[in-house]
Amino acid sequence: MTGHAKAGRPNQFLRNLNSKIASIPMILTAIVIFLGGTIWTVVYSFTNSKLLPRLSFVGLDQYHRLWAAPRWVVSIENLAVYGILSMIFSLVIGFVLAALMDQKIRFENTFRTIFLYPFALSFIVTGLVWQWLLNPEFGIQSVVRSLGWTSFTFDPLYTPSIVIYGVLIAALWQGTGLVMCLMLAGLRGIDEDIWKAARVDGIPMWRTYLFIVIPMMRPVFITTLVIIASGIVKVYDLVVAQTSGGPGIASEVPAKYVYDYMFQAQNLGQGFAASTMMLVTVAIIVIPWAYLEFGGGRKHV
């Protein structure tokens, strides 16, 4: 009987065979283009390629030059400041807005559209808009001074020590709406009975959010963090539109460093080395997320 059952059971490999066949081109594309391109970049980062790639290995020389370059060090410092603050403020502001929207307020759809609208704009448009707003001659500083506060100063894009915060303001304005929508979707997935039980037990709302709701939204928070982090690592066009890396090199970021060395300085080896370091950064972000989502982070029953 058991033998007949096994004989009648379809082979696991043959299940959804048409779907598996249809996915072959996508799998081959991923292997050849993405994986192949990654390996190619890493290999050529150990060469002294200039205008064209060539297999003339120089060991770790490109990486020594990379970390000895003040411009690269400044770009890493900027990325760290921008990244940490962007994660914190995006999550906090996005969650607070989502919690407020979850109170069944009037005109919810209108407010949700308003908050999400900046995300529909390109980073170039956002950068140009905020370059204008933060311009001391006709932006926020000029408007406030025209109201009587003549000593008011707000020109982050023109002050090297705080220019990265001006870029951060524009990024938060554009990206917080998406975080709000992700958080709102997570909040709407919470069972209404949990809220009722918390109210019956007399638990304050802030404690309900902090100790019950947020732990239940762990997958939403992890996914949101990965989305934010991936955007942080590759930030480029926002910086180019607002400051072009200035004043001086004060707002340089790794992606701009890679572009400038590969396509303007005609130093492919140095650009490949910087790209590889960015790849390592992405791996540091993605591997823990994959482990938490699909590996040991989940309890198996």
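What is the relative accessibility of Ser 244, and how does this residue count on that basis?

A: Ser 244 comes out at 46% relative accessibility, so it counts as partly exposed. The cut-offs here are under 20% relative accessible area for buried, over 50% for exposed and partly exposed in between, computed with a 1.4 Å probe on protein chains only. Before going further, keep in mind that this is a predicted model, where local features need pLDDT of at least 70 and side-chain atom pairs count only at pLDDT 80 or more, while totals for chains, interfaces and linings use all residues. Residues are numbered from 1 along each chain as its sequence is written, and side-chain values use heavy atoms, with hydrogens and water left out.

Now for the surroundings. Ser 244 sits in the loop between α12 and α13; helices are DSSP runs of H or I with at least four residues, strands are runs of E with at least two, and both are numbered from the N terminus. Ser 244 isn't a glycine, yet its phi is positive, about 55 degrees. Further along comes a cis peptide bond between Gly 246 and Pro 247, with omega at about -5 degrees. Pro 247 belongs to the loop between α12 (237–242) and α13. Both features are worth a look because most residues other than glycine have a negative phi, and most peptide bonds are trans.

The loop between α12 and α13 also holds Glu 252, which pairs with Arg 71 in helix α4, 181 residues away. The term means a side-chain nitrogen of Lys or Arg within 4 Å of a carboxyl oxygen of Asp or Glu. Glu 252 is buried, since its relative accessible area is 3%, whereas Arg 71 counts as partly exposed at 21%.

Arg 71 has another partner too: Asp 260, with the closest N and O atoms 2.2 Å apart. Because Arg 71 lies in helix α4 and Asp 260 in helix α13, this pair ties together parts 189 residues apart in sequence. At 9% relative accessibility, Asp 260 counts as buried. Helix α13 spans residues 254–264, and its buried residues include Lys 256 and Asp 260, along with Tyr 257, Val 258 and Met 262. Just after α13, Gln 266 has a positive phi of about 55 degrees.

What about the other end of α4? The loop between α4 (70–101) and α5 (108–116) contains Phe 107, another non-glycine residue with a positive phi of about 55 degrees. Phe 107 counts as exposed, at 56% relative accessibility. Elsewhere in the model, Asp 102 forms a salt bridge with Arg 188, with 2.7 Å between the closest N and O atoms. That pair joins the loop between α4 and α5 to helix α8 (residues 163–188), and its members are 86 residues apart. Asp 102 is buried at 10% relative accessible area, while Arg 188 counts as partly exposed at 38%. In total, the structure holds 8 salt bridges.
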